[in-house]
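Dear colleague,

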Amino acid sequence: MNTKVNICGVEFKNPVMTASGTFGSGREYSEFVDLNRLGGVVVKGVADKPWKGNDAPRIAEVYGGMLNSVGLQNPGVDYFIKEDIPFLRQYDTNIIVNVCGHSIEEYVNVVKRLRGEDVDMLELNISCPNVSEGGMAFGTDCTMIENVVSAVKKEADKPLIVKLSPNVTDITETAKAAVSGGADALSLINTLTGMKIDIYKRKPVLSRKIGGMSGPAVKPVALRMVYQVCKCVDVPVIGLGGISTAEDAIEFIMAGAAGIAIGTANFFNPTATVNVIEGIEKFMLEHGINDLSEIRGIID
Amino acid sequence: MKSVETAKVISSRNITANIYDLVLECPKIASEAVPGQFVEVYTGRSDLLLARPISICEILGNRLRLVYQVVGKGTEIFSKLGLGDELRILGPCGNGYKLNKEKSALLVGGGIGIPPLLETAKQLGGKVTVVLAARTKDLLVLEDEFAKLGAKVYTATDDGSVGFKGNAVELLRQEDLKADVIYSCGPKIMLKFLTEYAIEKNMECQVSMEERMACGIGACVGCVVKIKNGDDWEHKKVCKDGPVFEGREVVWE
């Protein structure tokens, strides 16, 4: 039985990764799971300088999921290189760096700074809904997407994944724009914009009013978008959005995903990543599947 | 070391108003816990996914005692648990109080911030001064248990239904209470004024903070408070860097 997958020349021992912003750089979850088991760790967004993020409250629970408005708080790329790469390199797993910025220049700065560093892939975050500049502002306009992706691709010395926003009318258009800008792979979906109001206080729960929704409730939307994108681009697709179990993950693989990522499920089940890996293996064994390519993209 | 454990309910009872007392058998987490830490309690419901952070009231061998208030659907589920029921918990989370037995201690709890001070009082040796404050008599809990430990207990309620009429800090001023170190937990506004009082009287002031959180272990970066950093400030995580901070370091708003 072979759970290995190859994405843009990078070998993964299994298709299971972590979704950026839900797993830090792995330290916190290393108390609960053996990071050696994971296909890859997609780290929390890294910017060229430290970002303070948004005011609290940043979290709201909603039916079957949650809203967040963290605003990409991070200690910056220099800290990441000094502290997080050596930590993650103790483990046999791929390191995928989520890159964020307020402007094309800032995205490019991060990617330049990471040149020659011991990481496996880059993931361009043009889909965070919780920052006023950059993030989703770049990821919902096809011309902007093509511009930022091509500027970053020129400077990148690692395969470039572009993470897409679901907050668009037609995900296949933004997916194609990212690919024509030079994306080596795509990941989707980032969070769906959402809101919650405290009716007793008569005000929004989140300090920034609107946040990004994630969790099991968004899975059908994510799966539909992954399916549509897999049908219209030739690059590998990493599927995420509400995946909590092996069954969820297998749905995304059948829809065409080369890899999958676990996000919010980590919060309510700290061992979710390993549970999904073991569940995929069990499914393969029970159904006589020798290689995931036998089921990948089998849905017409 | 934190772990996820399936805890058995040893007892669950309503103390007063909407405040409940839950004793759980959870040997792994109990053996690691220190005063001021908390546990993340999962509801087991797919519509209420996030764990509820609840402070540790007492550490009793391989058991933990949690005294919590029903404030929503999650805590309402916990209130209906009975002997032998099981629930999943994660912990112990965060850093507890920095206990110093050599120094005189003043414990100040407001509302549902009172419970974590019980284990704190116990581990400080019991003979401490305790100020318990709440909106009204029904919400002022555990007074007799602090007294049993040998603590000198002062109480205050906003409506004067028991003890001093007013808030905790007004009581501190009236009684001119002082010590080397304040250990506190309660509403943000109380902690803010308490810190001002501590600065005036030149006391150390450890405050335990609360904020909405998702993971409880520092990964989601949801539960932040502003902490001074030189001339500037930074967002620190309540669940991992706290919940206990030095009051002087907090940027109070």
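In chain A, β6 (65-68), β14 (210-214) and α8 (265-268) each supply at least two residues to the lining of the largest cavity; helices (H or I, at least four residues) and strands (E, at least two) are DSSP runs, numbered from the N terminus. This is a predicted model, in which local features need pLDDT of at least 70, side-chain atom pairs count only at pLDDT 80 or more, and totals for chains, interfaces and linings use all residues. Residues are numbered from 1 along each chain as its sequence is written, and chains are lettered from A in the order in which they are written.

The largest cavity has a volume of about 490 Å³, the space filled by probe spheres set on grid points joined across faces, edges and corners. On a 1 Å grid over the protein atoms alone, a cavity is a set of points where a 1.4 Å probe fits but cannot get out, and a pocket is an open set with protein on both sides within 12 Å along at least five of seven lines; lining residues have an atom within 4 Å of a point. Of the 37 residues lining the largest cavity, Ser20(A), Thr22(A), Asn68(A), Asn190(A) and Thr191(A) lie nearest its centre. α8(A) contributes the largest share, three residues.

The second largest cavity has a volume of about 40 Å³. Its lining includes Ser20(A), Glu123(A) and Lys163(A).

The second largest pocket holds about 730 Å³ of space. Among its 29 lining residues, Gln73(A), Asn74(A), Pro75(A), Tyr79(A) and Lys237(B) lie nearest the centre. β15(B) gives the most to this lining, with six residues.

Yours sincerely

Definitions and conventions. Heavy atoms only, no water.
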